[in-house]
Amino acid sequence: MPQKDALFHAAAVLRTALLGHATEAFFARRLMGPAPTNGAVIENILCHGNHLEIVFDDGIVMHSQLRRKGSWHLYRIGEKWHERRSKADIVIELSDSFAVCFGALSIETFRQFDQHRHPRAGRSGPDISRDGADLQECVNRMIHYDNPDATISETLLDQRVMRGVGNVFRCEILWACGVHPWARITDLPQSSLLDIVRTAASQVRANLNSSARVVAPHISGGLAVYARNGHRCLRCGDIITLDNSSADKRPVYWCSGCQIAGEPFRELDQSEPIAKLMDPHPAAVLFMTDFFRNREAPVGL
Ligand SMILES: [Zn+2]
């Protein structure tokens with residue numbers, strides 16, 4: 001990972017130069033998620049380990065994780081860059097300078113809740129990457145979520161519920177807990193929500209200071225489902241699928257064989273074989289529920 005002090009220092013430099021300034025152009029290689037709009041003002045820059053987050057005032061948060069030799073730089077107009085522009089992973093152009101990142105491991109964006117536009121909906125949730133974060137508060141925010149039809153996938157990325165979960169972790173958390181990505185939060189028992197939040201905190205904290213995300217150390221790549229579409233599930237042997245129908249337009253990797261908790265009701269499709277439409281046997285559901293509950297306990301509340 002990059003030197004923590006170096007990134008902390010770079011974040012301080014970027015903060016001084018960028019806060020309150022409008023973005024004139026934005027480029028991110030292999031960006032996952034929506035780009036900030038041209039003219040969006042940079043509101044905040046946060047640094048955690050080898051992660052750097054930039055918050056734009058149009059509600060977009062860009063989360064970047066750096067490789068071991070990754071780095072952020074600030075260049076004035078006309079100043080020589082220390083590497084070729086074609087090697088830059090992120091370029092944020094302002095009227096008089098460029099914020100540039102080389103060596104990004106991943107770049108994701110998501111929409112942050114805007115409390116100024118929706119003053120009754122509450123403020124940002126706890127940052128689960130921090131020791132001592134109030135995990136029960138995250139559960140409470142799910143229980144009282146303003147949209148009862150929202151799926152667990154949506155709420156995991158909602159900054160009003162908790163902060164710190166990106167799309168990679170979203171997929172891995174739901175697989176680890178055996179939860180269907182389109183389960184409605186109102187269909188999940190409180191014990192499942194608590195299990196999900198605890199697992200989220202455990203995974204995010206375990207990866208805070210590593211250059212690669214690892215939640216399944218025993219497999220190549222360290223991830224159980226993310227980007228493993230077409231491979232067999234490590235738990236049940238079914239084929240992992242990629243679904244792009246998420247409301248936030250970000251890819252969801254999951255296993256339909258064992259992520260069954262909270263599976264939403266489907267309208268009967270007469271063209272499907274009747275055997276596929278049957279509910280799983282109650283004993284099988286009970287077995288899977290106990291299986292996930294009895295996993296090694298992740299970080300506690
Ligand atoms: Zn599976």
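**Helix packing and a few loop residues**

Mentor: The axes of helix α2 (residues 135–143) and α5 come within 9 Å and cross at roughly 130°. Axes here are lines fitted to C-alpha atoms, for helices over the stretch in contact, and angles run from 0 to 180 degrees between N-to-C directions. Helices (H or I, at least four residues) and strands (E, at least two) are DSSP runs, numbered from the N terminus.

Trainee: Before we go on, what kind of model is this?

Mentor: This is a predicted model: local features need pLDDT of at least 70, side-chain atom pairs count only at pLDDT 80 or more, and totals for chains, interfaces and linings use all residues. Residues are numbered from 1 along each chain as its sequence is written.

Trainee: Ok, back to the pair. How are α2 and α5 oriented to each other?

Mentor: They're oblique to each other. Angles under 35 degrees count as roughly parallel, over 145 as roughly antiparallel, 65 to 115 as roughly perpendicular and the rest as oblique.

Trainee: And is the crossing of α2 and α5 left-handed or right-handed?

Mentor: Right-handed for α2 and α5. A crossing is left-handed if the near helix is turned anticlockwise from the far one by less than a right angle, and right-handed if clockwise.

Trainee: Which residues in α2 and α5 meet?

Mentor: From α2 you have Leu 135, Cys 138, Val 139, Met 142 and Ile 143, and they meet Gln 190, Leu 193, Leu 194, Val 197, Arg 198 and Ala 201 in α5. In contact means that the C-beta atoms, placed from the backbone, lie within 7 Å. By class, the α2 contact with α5 has 9 nonpolar, 1 polar and 1 charged residues. Ala, Val, Leu, Ile, Met, Phe, Trp, Tyr, Cys and Pro count as nonpolar, Asp, Glu, Lys and Arg as charged, and the others, Gly among them, as polar.

Trainee: What about α4 and α5, at what angle do they pack?

Mentor: Helix α4 (residues 167–177) packs on α5 (residues 190–206) at about 130°, with the axes 9 Å apart. α4 and α5 are therefore oblique to each other, and α4 passes α5 in a right-handed crossing. On the α4 side the contact uses Phe 169, Glu 172, Ile 173, Ala 176 and Cys 177, while α5 brings Ser 192, Asp 195, Ile 196, Thr 199, Ala 200, Gln 203 and Val 204. Those contact residues of α4 with α5 divide into 7 nonpolar, 3 polar and 2 charged.

Trainee: How many residues of α4 are buried?

Mentor: 11 of the 11, so α4 is largely enclosed by the rest of the structure. Buried means 20 or more other C-beta atoms within 10 Å of the residue's own, exposed means 12 or fewer, and partly exposed is in between, again with C-beta atoms placed from the backbone.

Trainee: And α5, how far does that reach?

Mentor: α5 has 17 residues and reaches 24 Å from its first C-alpha to its last, close to the 24 Å expected at 1.5 Å a residue. The expected span is 1.5 Å times one less than the number of residues. Buried residues in α5 include Ser 192, Ile 196 and Gln 203.

Trainee: Switching to loops. Where is Val 179, and is it buried or exposed?

Mentor: Val 179 is in the loop between α4 and α5, and it is buried, with 26 other C-beta atoms within 10 Å. Leaving aside neighbours within four places in sequence, its contacts include Ser 192 and Ile 196. Val 179 and Trp 254 are 75 residues apart in sequence and 9.3 Å apart in space, C-alpha to C-alpha.

Trainee: And Val 215, which residues is it in contact with?

Mentor: Skipping neighbours within four places in sequence, Val 215 is in contact with Glu 172, Ala 176, Gln 203, Gly 222, Leu 223 and Ala 224. Val 215 lies in the loop between α5 and β7 (240–243) and is buried, with 23 other C-beta atoms within 10 Å.

Trainee: Which residue other than glycine has a positive phi?

Mentor: Arg 30 is one, with phi near 55°. Arg 30 lies in the loop between β1 (25–28) and β2 (42–48) and counts as exposed, with 9 C-beta neighbours inside 10 Å. Ala 227 also has a positive phi, about 60°, and is partly exposed, with 14 other C-beta atoms within 10 Å.

Definitions and conventions: Contact = placed C-beta atoms within 7 Å.
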